[in-house]
Amino acid sequence: MTPSAEGRPRVRGGILAIDVLIAEDEPSILESLDFILRRAGWTISAVTDGDAALEAVRRLKPRVLVLDVMLPKRSGFEVLKQIRADVETQSLPVLILTAKGQQQDRRIAEEFGADVFVTKPYANADVVGAVRQLLGKDGGTP
């Protein structure tokens, strides 16, 4: 159980509330994201494929989704498109991780409704700042 910045776990609907859901299949990147976001004070859950990302968004109701474009089973674009098409999840803030130089990825993600982009390789401060910005949209900070 990870505590909030106030030292208490956040609970919603009888389960520990998740601040950030990470959907990333590259183990080293996932480990890095998990570490920097936990260190910033947020509760984290992670999945490694697109199908699991959709299921976790619906089940865990995270406050922000950090979504890689290149995922097994279902691409980040497909996940984003389905999230935006579902009334229950369409307002979920989504940070898209794109590979450096992939302007087409960025354009497609914008069309599907991504909120923020971070380019890999990323600076830790950029990811933390982007998540903080997205959490600010729904009134929460760690």
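Let's start with a word we'll need all the way through: a residue is called buried when its relative accessible area is under 20%, exposed when that area is over 50%, and partly exposed in between, using a 1.4 Å probe and protein chains only. Helices (H or I, at least four residues) and strands (E, at least two) are DSSP runs, numbered from the N terminus.

What you're looking at is a predicted model, where local features need pLDDT of at least 70, side-chain atom pairs count only at pLDDT 80 or more, and totals for chains, interfaces and linings use all residues. Residues are numbered from 1 along each chain as its sequence is written, and side-chain values use heavy atoms, with hydrogens and water left out.

First, the overall picture. The protein has 5 helices and 7 strands, and along the sequence they run β-β-β-α-β-α-β-α-β-α-β-α. There are 142 residues, and 49% of them count as buried. Take contacts (heavy atoms within 4.5 Å) between residues at least 6 apart in sequence: 60% of these join residues at least 24 apart.

Now find helix H1, residues 27-39. The expected span of a helix is 1.5 Å times one less than its number of residues. For the 13 residues of H1 that gives 18 Å, and the end C-alpha atoms are 18 Å apart, so the two agree. Which residues of H1 are buried? They are Ile29, Leu30, Leu33, Ile36 and Leu37. Looking down the axis of H1, the buried residues fall within an arc of 140° (taken from the directions from the helix axis to the C-beta atoms), so they line one face of the helix. The spacing makes sense: an α-helix has 3.6 residues a turn, so residues three or four places apart point the same way. On the face of H1 turned away from the buried side sit the exposed residues Pro27, Glu31, Phe35 and Arg39. After H1 comes Gly41, with a positive phi near 110°.

On to the charged side chains. A salt bridge here is a side-chain nitrogen of Lys or Arg within 4 Å of a carboxyl oxygen of Asp or Glu, and the whole structure has 10 of them. One joins Lys120 and Glu24, at 3.2 Å from N to O. That pair links distant parts of the chain, 96 residues apart: Lys120 is in strand E7 (residues 116-120), while Glu24 is in the loop between strand E3 (20-23) and H1. Are Lys120 and Glu24 buried or exposed? Both are buried. They also belong to a network of salt bridges that links Glu24, Asp68 and Lys120.

Asp34 counts as partly exposed at 22% relative accessibility, and Arg38 does at 34%.
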